[in-house]
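The points below are meant for a colleague opening this entry for the first time.

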Amino acid sequence: MQHGKYRFIVGFLALPLGLYALFVVWPFIQSIYYSFTDWTGLSPEFKMVGFDNYKRMLDDEIFWKSLQHSLLFALVLPVVTISLALFFAFMINVGGRRRRGGPVISGVRGSSFYKIVYFFPQVLSIAIVALLFAFAYNPDSGAINSLLRGIGLDSVQPLWLGDPSLALWCVMGVLVWSSVGFFVVLFSAGMASIPADLYEAALLDGANRVSTFFRITLPLLWDTVQSGWVYMGILALGAESFAVVQIMTTGPGGPDYSTTVMVLYVYQKAFRDGQAAYATTIGVALLIVTLAFAAIVMRLGRRERLEY
Amino acid sequence: MKTTDTAASVPAESGASVSKVDMPSAAPAKEKKEGNVLNVFSRGMLVLWAFMVVMPLLWAVMTSFKDDSSIFSSPWALPDKLHFDNWARAWTDANMSDYFLNTILVVGGSLIGTLVLGSMAAYVLARFDFPGNRFIYFLFIGGMSFPIMLALVPLFYVVNNMGLLNTIHGLILVYIAYSLPFTVFFLTAFFRTLPTSVAEAAFVDGASHSRTFFQIMLPMAKPGLISVGIFNFLGQWNQYMLPTVLNTDPDKRVLTQGLVQLAASQGYKGDWSGLFAGLVMAMLPVLAAYIIFQRQVVQGLTAGALK
């Protein structure tokens, strides 16, 4: 019986764990090792070079730019996205006007319509979204500038992605556009589980909607907000920012490296410039930034769990 | 983007909301007035965001029916007639049919593999006590927060050495491996919530461990499998970074890659209307599936984050 149990455990774990170890865990370990070598990726020969790659990275101006942009992504995107989503979710679920004889709290009219529509971008590939907005931002024939012309703002015709000081914000706008809906739906689900009598008590005490939000909704939703924050930050540092920057900006990486981010720089060094070892060094820096981000958010956001 | 749209749509929207102002309300007059200003503002914001989400999508659909010259001269004008030939050109000349087929093969294979392997690992980790259980669990979970790009550099060479580079089955194996962390995390939690008594009864009746799993536990875990299946389906269907690195053969491209390549090559081909048709073609199936299975999709995508 015991024998059968262990045979079963090994039999069931072998394949998933083997696949995971081979394609995920092993490459991770390897890449940390490679960051101490001079491997090009083009030939199998390499030798250990100690911390040379790390020294080179600290002197690399483009690395610092990409780090700066990635940090900006990780700071700005979660704040903007989550604030917008909290506002929308609150309006949708709690913001409805009180009707005589109706329930104490209710959402605005058409709340389920908003939830459906806001979620649209979430099911689309970030690559398709990026392509679509690359056209919309086109200075001559794009939808945005032509809309501006249409309403008489002929003088306001920004270059959008072609303008080094604007391109990064354009890219961030697209990520906000595509992620807000997910968080609206996520927070709505959390808000639905807050008991109505808490709101009732607040209303009896004469609380308005703003204080209801800050005194009741936000504290009770805090755990969800916090995990959403970490989730958005990881996306903003990783796969999502890679797709939008690589697809939307020229270069890729923008005019004068104005939009390059760490994850794109890793890709370019490894697969464009044949400097695989240096690429993994930047990758290790990205790993440190990601883990530090998650640790800081969890630490700053820690508070006593509210039971209700 | 945001500021420009505000100018265009706010007057119309706030006008619409103002008309609803004199609805009956229990609040006193002063509070009512303040509440109404807030109400008009926040309603306006809700409508504005809905408008901002839908407009780019509608614009893409409209553009896919226009001819090339009017795409450039008047981006917001309605098409003079419905150019269905754009769609036909995208489907055949621009290889959208191949991209669809490749994507269906890759996602079909990876989705089945992810669910089978993920539920096997999750079941063992959730229900059996053995040395190393916690370690393996956290090894899987750790994969969720690590930047994938870091692993992709050596992974390219691992996959290449195994002769799996630029193959559909190689891509399937990699997709499965990178989908396992969330799948194992989600299903482990799910298996823990299922009652143990049924499985114990089956075991007492002489069913083997694997038979208990396939005939009793898996059917009981169906809601969890559907949620995590939808999550993985969308993630794998929309995947861009993994195929960009590991799948460089033009014949094996998946949808997202194919569209990006198509856009890049339009510089000299100039078939923009065909490209828009391709974009819309790739968008519509997932949007349609979302509208039909809306409740399940939303549950599948948000369930993990709420745990």
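1. Leaving out residues up to four places away in sequence, Leu175(A) touches Leu77(A), Ala236(A), Glu240(A) and Val244(A). Leu175(A) itself is found in helix H8 of chain A, and it counts as buried because it has 25 C-beta neighbours inside 10 Å, where 20 or more are required. Ala236(A) is 61 residues away from Leu175(A) along the chain, yet the C-alpha atoms of the two are separated by 8.1 Å. Please keep in mind, here and in every point that follows, that this is a predicted model.

2. Two of the residues that Leu175(A) touches, Glu240(A) and Val244(A), are listed among the buried residues of H11(A). That helix, H11 (residues 239-248) of chain A, is mostly covered, with 10 of its 10 residues buried. The buried set includes Phe242(A), Gln246(A) and Met248(A) as well as Glu240(A).

3. By class, the contact between H3(A) and H8(A) has 21 nonpolar and 5 polar residues, with no charged residues.

4. Taken as a whole, chain A comes to 13 helices and 0 strands, and its C-alpha trace spans about 80 × 80 × 30 Å along the principal axes. Of the 308 residues of chain A, 46% count as buried. Among contacts in chain A that join residues at least 6 apart in sequence, 70% are between residues at least 24 apart.

5. Chain B has 15 helices and 0 strands, and buried residues make up 43% of its 307 residues. When contacts in chain B between residues at least 6 apart in sequence are considered, 77% of them join residues at least 24 apart.

6. The annotation should be read with the caution that it comes from unreviewed UniProt entries. For chain A, UniProt lists "transmembrane region" at residues 7-29, 71-95, 116-137, 166-187, 229-248 and 276-298. In the model, residues 116-137 of chain A are 82% helix and 0% strand, with the end C-alpha atoms 26 Å apart, while residues 166-187 of chain A are 95% helix and 0% strand, with the end C-alpha atoms 31 Å apart.

7. For chain B, the UniProt record places the feature "transmembrane region" at residues 40-62, 99-125, 137-159, 171-191, 212-234 and 272-293. Residues 99-125 of chain B are modelled as 100% helix and 0% strand, and the end C-alpha atoms of this span lie 37 Å apart. Over residues 212-234 of chain B the chain is 96% helix and 0% strand, and there the end C-alpha atoms are 30 Å apart.

8. The C-alpha atoms of Ile71(B) and Ser273(B) are separated by 7.5 Å, although the two residues are 202 residues apart along the chain. Ile71(B) counts as buried because it has 20 C-beta neighbours inside 10 Å, and 20 or more are needed.

9. Asp256(A), in the loop between H11 and helix H12 (262-271) of chain A, has a positive phi of about 55 degrees although it is not a glycine, and it is exposed, with 12 other C-beta atoms within 10 Å. Asn95(B), in the loop between helix H4 (85-92) and helix H5 (96-127) of chain B, also has a positive phi, near 65 degrees, and with 19 C-beta neighbours inside 10 Å it counts as partly exposed.

Methods:
Residues are numbered from 1 along each chain as its sequence is written. Chains are lettered from A and ligands numbered from 1 in the order in which they are written. This is a predicted model: local features need pLDDT of at least 70, side-chain atom pairs count only at pLDDT 80 or more; totals for chains, interfaces and linings use all residues. Helices (H or I, at least four residues) and strands (E, at least two) are DSSP runs, numbered from the N terminus. Two residues are in contact if their C-beta atoms, placed from the backbone, lie within 7 Å. UniProt positions are given in the numbering used here, feature names are shortened, and annotations may be inferred rather than shown by experiment. Ala, Val, Leu, Ile, Met, Phe, Trp, Tyr, Cys and Pro count as nonpolar, Asp, Glu, Lys and Arg as charged, and the others, Gly among them, as polar.
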